[in-house]
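Reader: Hi, could you walk me through this one? I'd like to go feature by feature.

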Amino acid sequence: MPQKKDKKKLKRKNIKIRNIRADSIDEFYEEANIPINKSVKKNQNRTEKSLKNKMQLVKGQVIEIMTNNYCRVEFDGKTAEVSLSGRLKQLKSGMRNILAVGDFVNVDISDIPRIEEILPVKNKLSRFMKNKFHTEIIMASNIDQIIITASYRNPDLKLGLIDRYLCIAEINNIKPVICINKIDLADSIEKVEEELTFYRKLGIEIVLTSAEKNINLDKLRDLLKGKDSVFTGHSGAGKSSLINKLQSGILQKIGDISTVNKGQHTTSSSVMIKWQFGGHLIDTPGIKILGLDSENKNILPKFFPGFKSLYPYCKFKNCSHTHEIGCEVKTAVEANEFDAERYESYLRILESLE
Ligand SMILES: Nc1nc2c(ncn2[C@@H]2O[C@H](COP(=O)(O)OP(=O)(O)OP(=O)(O)O)[C@@H](O)[C@H]2O)c(=O)[nH]1
Ligand SMILES: [Mg+2]
Ligand SMILES: [Zn+2]
């Protein structure tokens, strides 16, 4: 039994205990140089064998986490409460949060439905507990897009905030959509467009809406159709108003679910709700505190909007675009080829992560 010794080894090597998912379990064991527990391996083989024999697997998506071992899965156009297979439970022991809302899974429906496999994720949004292990909590995975919502007036549009959310989207490999709401309070749309030139040039999807005056809600709906989306943005931007206008009652539904299961939620209370027009709204309470943290500081020079086409030409590979010589970003700013205000916004964000 190597576990005890290996735990020490882990400590010595100072390997971060992170969230390990079923699809990466073999990699984890290899990385940490731990021989895979024989009984786990045996079980795995046994499961694989019976898998071939009598299982009837269908692909589904986790839309709500109920308890540690139960979640709600959508498959074949319906939803069902499903438990983890014994093998996955075994892998899970000692690890938190093996499942997240948005995970695609293979469910065996030959008997009482059970999750047999968690499929690799394309992206995820996490937050980290402020404990010594910096434990990762996955709020949602397989997110198609993040709707960055900001009001044009009341409160006034702050592009610096949009920059921050764009960095988060880029770092997490999620497509961003900028939604400028309360457009009814703008004197001229041309003026609004002028303020957004930088983002338009980068090819970022932008929609100007008014939840109050029903402006461009059909455009927003078209963007959401068939996709799994997260709404984020400052308080008072109009997220709830927009969502309610798109589908009245949908937010109450979220409220119901989170109250009913209060106390049972051990990992996360994120939920996915179906839009009538197709796709899902991912509601995750953690989204309100979604932010950049100091760990992102080193990668920001590669993820700030618009830097992708410039930083490969900087003289230094790890250029921070602040003081280095031969910096392509600074050269572009000086030549008026890169928006100076956005560059300043970058410097402010960088500074805030000190
Ligand atoms: N003029 C105008 N007011 C709006 C519009 N959309 C929302 N509001 C108002 O803005 C305020 C805030 O809207 P909410 O929908 O609650 O904002 P939110 O983004 O959900 O805010 P949090 O839940 O705190 O994050 C409300 O008083 C809305 O009536 C709009 O398009 N135009
Ligand atoms: Mg709200
Ligand atoms: Zn540079």
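Predicted model: local features only at pLDDT ≥ 70, side-chain atom pairs only at ≥ 80, totals over all residues.

Reader: Which residues coordinate the zinc ion (ligand 3)?

Author: Cys314 (SG), Cys319 (SG), His321 (ND1) and Cys327 (SG) do, at 2.1 to 2.4 Å. Donors here are N, O and S atoms within 2.8 Å of the metal (3.2 Å for Na, K and Ca); water is not among the atoms, so sites may look incomplete. Along the chain, the donors of this zinc ion follow the spacing C-x4-C-x1-H-x5-C.

Reader: And what is the arrangement of the four donor atoms around the zinc ion?

Author: Tetrahedral, because they subtend angles of 104 to 115 degrees. Four donors count as tetrahedral if all angles lie between 85 and 135 degrees.

Reader: Switching to helices: at what angle do helix 8 and helix 9 cross?

Author: The axes of helix 8 (residues 217–224) and helix 9 (residues 239–246) cross at roughly 85 degrees and come within 11 Å. That makes helix 8 roughly perpendicular to helix 9 (65 to 115 degrees counts as such). Helices are DSSP runs (H or I, at least four residues), strands likewise (E, at least two).

Reader: Which residues meet there, helix 8 to helix 9?

Author: Leu217, Leu220, Arg221 and Leu224 in helix 8 meet Leu242, Lys245 and Leu246 in helix 9, with contact meaning heavy atoms within 4.5 Å. By class, that contact has five nonpolar, no polar and two charged residues.

Reader: Nice. Where does Pro155 lie?

Author: Pro155 is in the loop between strand 8 (145–151) and helix 5.

Reader: Last one: what is phi of Asp76?

Author: Near 50 degrees, a positive value in a residue other than glycine. Asp76 sits in the loop between strand 2 (70–75) and strand 3 (78–84).

Methods: Residues numbered from 1 in each chain as written. Chains lettered and ligands numbered in written order. Heavy atoms only, no water. Axes fitted to C-alpha atoms, helices over the stretch in contact; angles between N-to-C directions. Parallel < 35°, antiparallel > 145°, perpendicular 65-115°, else oblique. Nonpolar A, V, L, I, M, F, W, Y, C, P; charged D, E, K, R; others polar. Tetrahedral: all angles 85-135°; square planar, octahedral: opposite > 155°, others 65-115°.
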